Amino acid sequence: MFDMKKVGKQIAQLRKEKNITQMALADLLGTSFQAISNWERGQTMPDISKLPELAKIFQVSIDDILANTKGTQLVKELVENETLADSRPIQKEEFINAAPILTLDQADMVYQNVQGELSPEELFLIAPYINQDSIDALAKKEFESRRLEGLSSIATYISQDIIDECAKRECESNGLGALTSLAPFISQDIIDSCAKLELESNGLKGLTSMAPFISKEVIDDCAAREFESRGMEALSSMAPFISEEMLIHCVKEGYKHNGLKSIVAIAPFLKKEDLNELALDAISEKGISEIIPIMPYIDQKFIQDIIPK
């Protein structure tokens with residue numbers, strides 16, 4: 001992209017050579033004093049419509065204002081004839097440099113004529129300057145060639161519908177875990193529906209990589225179903241993400257049918273008071289030996305108080 005600091009310094013120097021104040025230049029261009037200040041400080045660039053006016057005021061060429069940087073020729077062509085750039089191949093570097101000062105329509109037109117494949121880094125640079133339809137079309141093309149990995153650099157700019165469509169297809173082909181690179185951008189409904197599909201295919205453990213993005217309601221629902229079909233041990237991989245209420249419900253059910261030994265895998269994720277309550281019941285029913293499997297997780301003061309009895 002154009003070196004904004006360098007261009008800004010050039011504009012300031014040309015303005016001073018003409019003995020024009022920032023306020024006077026703003027009046028001549030029909031813009032704000034703040035805009036001129038931002039240009040000269042290298043914070044922003046004048047858009048393409050202002051360049052011929054600046055060149056006329058300073059009595060220089062557009063090349064002089066833009067310091068003959070790569071992309072200057074493209075800008076000059078668009079200033080002279082907007083359709084001219086549509087008639088020749090455009091180098092990637094030309095477009096990337098010029099894009100920030102082009103209009104959306106100009107950027108779109110030029111983008112269609114860029115030569116060669118754009119890298120993820122280059123896609124990220126141009127995405128803010130082309131319109132939504134072009135970004136979405138680009139996203140679809142990238143998905144077909146590089147799957148979700150191809151979308152990660154421009155995910156911020158892709159429409160939600162396209163993100164969700166690609167995510168759903170990726171999940172159907174490669175499972176829930178394939179969505180992790182784009183998870184923050186995928187809608188909750190799609191993530192949750194993919195999580196339910198993953199449960200059917202690979203059990204609760206298949207949800208682990210995406211657990212932070214799955215809704216609590218769906219995690220609990222999947223945990224309840226997994227517990228019913230595979231028992232307590234199947235919950236261990238997702239225990240940190242299952243609600244306390246659901247964990248306790250499953251633990252009490254497991255204990256009731258299979259004793260304390262059945263909850264060992266979940267014990268590290270339970271509150272001390274809940275474990276103490278279960279241990280006390282187990283001792284009263286079957287004796288002190290019943291709590292041995294979960295003893296490392298029980299409150300030590302509780303053990304000291306209960307053993308003498």
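Guide: Welcome! Aspartate 136 lies in helix α10, residues 132-146 (helices are DSSP runs of H or I, at least four residues, numbered from the N terminus). This is a predicted model, in which local features need pLDDT of at least 70, side-chain atom pairs count only at pLDDT 80 or more, and totals for chains, interfaces and linings use all residues. Residues are numbered from 1 along each chain as its sequence is written, and side-chain values use heavy atoms, without hydrogens and water.

Visitor: How far away is the nearest side chain of opposite charge to aspartate 136?

Guide: Aspartate 136 is buried, meaning under 20% relative accessible area with a 1.4 Å probe, protein chains only. Aspartate 136 has no salt bridge (a side-chain nitrogen of Lys or Arg within 4 Å of a carboxyl oxygen of Asp or Glu). Lys and Arg count as positive, Asp and Glu as negative, with His and the chain ends not counted. The nearest opposite charge is on lysine 140, at 7.2 Å.

Visitor: Which residues is aspartate 136 in contact with, leaving aside neighbours within four places in sequence?

Guide: Contact means heavy atoms within 4.5 Å. Leaving those neighbours aside, aspartate 136 meets Ile158, Ser159 and Ile162.

Visitor: Is leucine 260 buried or exposed, and what is its relative accessible area?

Guide: Leucine 260 sits in the loop between α14 and α15 (272-286). Beyond four places in sequence, its touching residues include Leu278, Ala282 and Ile294. Leucine 260 is buried, and its relative accessible area is 0%.

Visitor: How far apart are the end C-alpha atoms of helix α13?

Guide: The expected span is 1.5 Å times one less than the number of residues. The 15 residues of α13 (216-230) should therefore span 21 Å, which agrees with the end-to-end distance of 20 Å.

Methods:
Helices (H or I, at least four residues) and strands (E, at least two) are DSSP runs, numbered from the N terminus. Buried means under 20% relative accessible area, exposed over 50%, partly exposed in between (1.4 Å probe, protein chains only).
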